[in-house]
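Work through the exercises below with the sequence and the structure at hand. Each task is followed by a solution in steps.

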Amino acid sequence: MLPSMRAYLALLQGRRYSRRLFAACFACLLFFARIHVELLPFVLAKTSCMRAAPAAVAGPVRRAASTSDGTDEDQLRANEEIAELEQLAASGDAKAQFRLGKVFRTGRWVAKDLDRAFELILQSAEQDYARAQFAIGLMLIRGEGCTEDVETGFNFLIMAAEEDLPKAQYHIGKIYLDGSGPEGKDLLSAAYWLKRAAGNKHVGAQLQLGVMLLKGQGVKSNTTLAAGYFSLAAKQGSADAQESLGQLYRRGIGVEQDKSTAMKWLQKAADQDHVEACFSLGCMLRSGEGVAKDAASALQWLIRAAENGHAEAANELGVMFLSGEGTYADEAASAFWFDQALEIEEQAMDMQAA
């Protein structure tokens, strides 16, 4: 910025300059405006920001740009925020303690320090801040910045879950489901916490509860309720839920059979590269199940599934290329996909053996 512009801005902020200096500065500004008129709105906007700065400091703590590319300006902004967080945390502000703890835990703007992170987040958790209770629970379970203590960590997760934090409720449900907690496997308790999380719109909980209801896992099998939970998660964008809901409509399980609706949900899941949805969509297009036959489109979806490790899709491609279904006959391509199917199956067997 030109010296004359700086002087003018300073005058707008209330600094005392002599009339002579003011006149000179204003004259310079007018001269500058004649050459670059378009800069004037910028000057006024800049002045407005400068006047508003004190209010911003007094208000909520500013956030550092989460999409920062690591420039000096970004780091400077982050340093200012961290300094503010340090002051608030020292005064006992639970949210500031938690946020500052997260900074040290991730090491995004400062050197990573798990010990400091644990200390700060624990201080916040002890003030009944649910998000901190959840974080400290996970840190204790994993031994992150502290000695591993599964039981105490689990208790902190319970505290957060009781405060109606959906992700804490979901984690508690999963711990009961896989039996990794101090109380072992408890499917009924898993269903209870997953239901609470699902009621709070947690996508993972809605999906997991749908699976449990479909299989009768820890709860009485109820395909209608399962479809309802899959629908809730599918509408929030879960590819797994969209695929499961599509299969239910395809087979008429828990819902009235509707091939068109099945195609809609499978398409949504396949668009997110859900392997089983890609395969199912390819099969339906190939056979004309609920839709006009389209072997060429079927071939593309099967390729997409096979490239992501679906053995059956690779095998079907071998057949299609051999017969020229949806494409020209190509023995080399057919042999390639048959080999791929065998390779995928062998890899799956090796993983199971390990």
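**Exercise 1: the chain as a whole**

Buried residues account for 39% of the 354 residues in the chain, where buried means under 20% relative accessible area, exposed over 50% and partly exposed in between, with a 1.4 Å probe and protein chains only. The model is predicted, so local features need pLDDT of at least 70 and side-chain atom pairs count only at pLDDT 80 or more, while totals for chains, interfaces and linings use all residues. Residues are numbered from 1 along each chain as its sequence is written, and side-chain values use heavy atoms, with hydrogens and water left out.

Solution. 

**Exercise 2: α7 and its two partners**

Task: describe how α7 packs with α8 and with α9.

Solution. 
1. Two packed helices are described by the angle between their axes and the distance between the axes. Axes are lines fitted to C-alpha atoms, for helices over the stretch in contact, with angles from 0 to 180 degrees between N-to-C directions.
2. For α7 and α8 (residues 150-162), the axes come within 7 Å and cross at roughly 160 degrees. The two helices are therefore roughly antiparallel (angles over 145 degrees; under 35 is roughly parallel, 65 to 115 roughly perpendicular, the rest oblique).
3. The crossing of α7 past α8 is left-handed, that is, the near helix is turned anticlockwise from the far one by less than a right angle; clockwise would be right-handed.
4. The α7 side of this contact includes Phe134, Leu138 and Ile141, and the α8 side includes Phe154, Phe156 and Met159. By class, the contact of α7 with α8 holds twelve nonpolar, four polar and no charged residues (Ala, Val, Leu, Ile, Met, Phe, Trp, Tyr, Cys and Pro count as nonpolar, Asp, Glu, Lys and Arg as charged, and the others, Gly among them, as polar).
5. For α7 (residues 130-142) and α9 (residues 166-178), the axes come within 10 Å and cross at roughly 30 degrees. This angle makes α7 roughly parallel to α9.
6. α7 also passes α9 in a left-handed crossing. Phe134, Leu138 and Ile141 in α7 meet Lys167, Ala168, His171 and Ile175 in α9. That contact has five nonpolar, one polar and one charged residues.

**Exercise 3: Trp337**

Task: describe the surroundings of Trp337.

Solution. 
1. Trp337 sits in α18 (residues 331-353) and is buried, at 9% relative accessibility.
2. Beyond residues up to four places away in sequence, Trp337 touches Ile303, Ala306, Glu307, Ala314, Asn315, Leu317, Gly318 and Phe321.
3. Trp337 and Asn315 are 22 residues apart in sequence and 6.2 Å apart in space, C-alpha to C-alpha.

How values were computed: Helix = DSSP H or I, 4+ residues; strand = E, 2+ residues; numbered from the N terminus. Contact = heavy atoms within 4.5 Å.
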